[in-house]
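This report is meant for a reader who is meeting the structure for the first time. Please keep the sequence and the model in view while reading the sections that follow.

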Number of protein chains: 2
Amino acid sequence: MNEKIEIKKKVLSKNDEIAAEIRRRLADKKIVALNMVSSPGSGKTSLLEKTLTAMNDRLNIALIAGDVQTENDAQRLLRAGGKQVRSIVTGGACHLDANMVNKALEEIDLTGVEVLFIENVGNLVCPSGFDLGEDKKVVLISTTEGDDKPLKYPSMFRRSSALIINKTDLLEYSDFSIERVRENARSINADLETFEMSCRTGAGLDPWYDWLEAKVAEKKGS
Amino acid sequence: MNEKIEIKKKVLSKNDEIAAEIRRRLADKKIVALNMVSSPGSGKTSLLEKTLTAMNDRLNIALIAGDVQTENDAQRLLRAGGKQVRSIVTGGACHLDANMVNKALEEIDLTGVEVLFIENVGNLVCPSGFDLGEDKKVVLISTTEGDDKPLKYPSMFRRSSALIINKTDLLEYSDFSIERVRENARSINADLETFEMSCRTGAGLDPWYDWLEAKVAEKKGS
């Protein structure tokens, strides 16, 4: 299998080159780029819909929505008021890579953009290995998935900067413990900032919006 | 990237060889082998716990539990009464492959075993491409994940024989429609047998147990 490992290294090093280029470009324009990762159905698109509705007047937001098949997420984000939304259909691939993002960026006018959301493929494993040139990875977990997930998929939690615990409205219908998931996540990555929210009811979203604005202010001051 | 495609083909063809060998071995012993696939947290382990509790006296069941990290699932299955449970920790890999299963099988006494469950890594993309020598793939989806998932991850639904819709107790707290998920799944794979259940409440599990017994009877008659 050495041949396989060699090829994988080559692919990753090519990916890293393109990601570094993207990172430079976005830094020049003082854009906060967030790579949104999670299992399928944890609520990435719902969070971005809510964020667009609440923040579209306050922040200039561009979005790239990745999916294995269909452009449903991109359509949802357009309906939620997204001004610049680009779709990447990976056609079977289990993660976005920097090259796909680079191509999508060609169709986005970055002038004045303050936040770029990149919604990755719903997959808690593979996207963790591919740098997309983002500032931070934001990992979502929903309370219906079980509080053991950080231990079972450590790489994603290790490489993320923020953890969003979604679907808190369903807490009472499962054995999921907020305390335990925080503890599990922090045993992997002590620096994780965490948010608890329900994108369905809207509860708990304000701290997330504040965080976004703070990141944009930091970037502009940098 | 042709080099990458070539390597992938080689890996898959080696995998298929081993899978074919496993399939022959299991067929000789008239064992029904089911490859359980889903997103993280859809309830694969919960379903197997329930199945062990209900069927351990009626069926001779062996289990292989795959995970990226931790042996938690295998521990849970042992606690639920599993007599032969083997754990595969993939150490980062996003799916099980036939070689891993082959090694786990070396530690299982297959004499008298009627059903072999292989619980795959929680990932709705990558496990679809790797034959493990199973009779059938069984895909789970939980009602909290959204009824669009078959359209977004078609490969897994195309290659599965049965669809388990889990967490029906949470139906009233989301916009998930059983009818729509069935329709979406059948637009990808018209032959999918479907089950609706809540592993939490135990509702709807009997048809699944009946199906298992029927598959065992068919296999013995074959």
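## Where the two chains meet

Across the interface of chain B and chain A, 12 residue pairs are found in polar contact, with both residues of each pair at pLDDT 80 or more; that confidence score matters here, for this is a predicted model. On the side of chain B that touches chain A, helix 1 (2-28), helix 3 (72-79) and helix 5 (149-152) of chain B each supply at least two residues. Helix 1 of chain B gives the largest share of that side, namely five residues. When the residues on the side of chain B that touches chain A are divided by class, 15 are nonpolar, 10 are polar and 13 are charged.

In terms of contact, 38 residues of chain B meet 39 residues of chain A. The two chains, B and A, bury about 3,100 Å² between them, and 59% of this area lies on carbon and sulfur atoms. Of the area that chain B buries against chain A, 20% is supplied by Pro40(B), Lys152(B) and Tyr173(B), which is more than any other three residues supply.

## Salt bridges between and within chains

Side chains of opposite charge can pair when their charged atoms come close. A search of the whole structure, taken over all chains, finds 35 salt bridges, and the count between chain B and chain A is six. A salt bridge joins Lys152(A) to Asp73(B), where the closest N and O atoms are 2.8 Å apart.

Within chain A, the side chains of Lys14(A) and Glu17(A) also meet in a salt bridge, with an N to O distance of 3.8 Å. Both Lys14(A) and Glu17(A) belong to helix 1 (residues 2-28) of chain A, where they are three residues apart, about one turn of the helix.

## Helix 2 against helix 8

Two packed helices are described by the angle between their axes and the distance between the axes. In chain A, the axes of helix 2 (residues 44-55) and helix 8 (residues 206-221) come within 11 Å and cross at roughly 70°, which makes helix 2 of chain A roughly perpendicular to helix 8 of chain A. From helix 2 of chain A, the contact is made by Leu47(A), Lys50(A), Thr51(A), Ala54(A) and Met55(A), while helix 8 of chain A brings Trp208(A), Tyr209(A), Leu212(A) and Glu213(A). By class, the residues of this contact in chain A are six nonpolar, one polar and two charged.

In chain B, the axes of helix 2 (residues 44-55) and helix 8 (residues 206-221) come within 11 Å and cross at roughly 70°, and helix 2 of chain B and helix 8 of chain B are therefore roughly perpendicular to each other. Here Leu47(B), Lys50(B), Thr51(B), Ala54(B) and Met55(B) of helix 2 meet Trp208(B), Tyr209(B), Leu212(B) and Glu213(B) of helix 8. The contact of helix 2 of chain B with helix 8 of chain B has six nonpolar, one polar and two charged residues.

## The surroundings of Ile188(A)

Ile188(A) is found in helix 7 (residues 178-188) of chain A. If its neighbours within four places in sequence are left aside, Ile188(A) is in contact with Pro150(A), Leu151(A), Pro154(A), Phe157(A) and Arg158(A). Glu71(A), by comparison, is 117 residues from Ile188(A) in sequence, and the two are 34 Å apart in space, C-alpha to C-alpha.

Methods
Residues are numbered from 1 along each chain as its sequence is written. Chains are lettered from A and ligands numbered from 1 in the order in which they are written. Side-chain values use heavy atoms; hydrogens and water are left out. Helices (H or I, at least four residues) and strands (E, at least two) are DSSP runs, numbered from the N terminus. Contact means heavy atoms within 4.5 Å. Axes are lines fitted to C-alpha atoms, for helices over the stretch in contact, and angles run from 0 to 180 degrees between N-to-C directions. Angles under 35 degrees count as roughly parallel, over 145 as roughly antiparallel, 65 to 115 as roughly perpendicular and the rest as oblique. Ala, Val, Leu, Ile, Met, Phe, Trp, Tyr, Cys and Pro count as nonpolar, Asp, Glu, Lys and Arg as charged, and the others, Gly among them, as polar. Buried area is the accessible area (1.4 Å probe) that two parts lose on being put together, summed over both. A salt bridge is a side-chain nitrogen of Lys or Arg within 4 Å of a carboxyl oxygen of Asp or Glu. A polar contact is a pair of N or O atoms within 3.5 Å; within protein, one must be able to donate a hydrogen and the other to accept it, and residues adjacent in sequence count only if both atoms are side-chain atoms.
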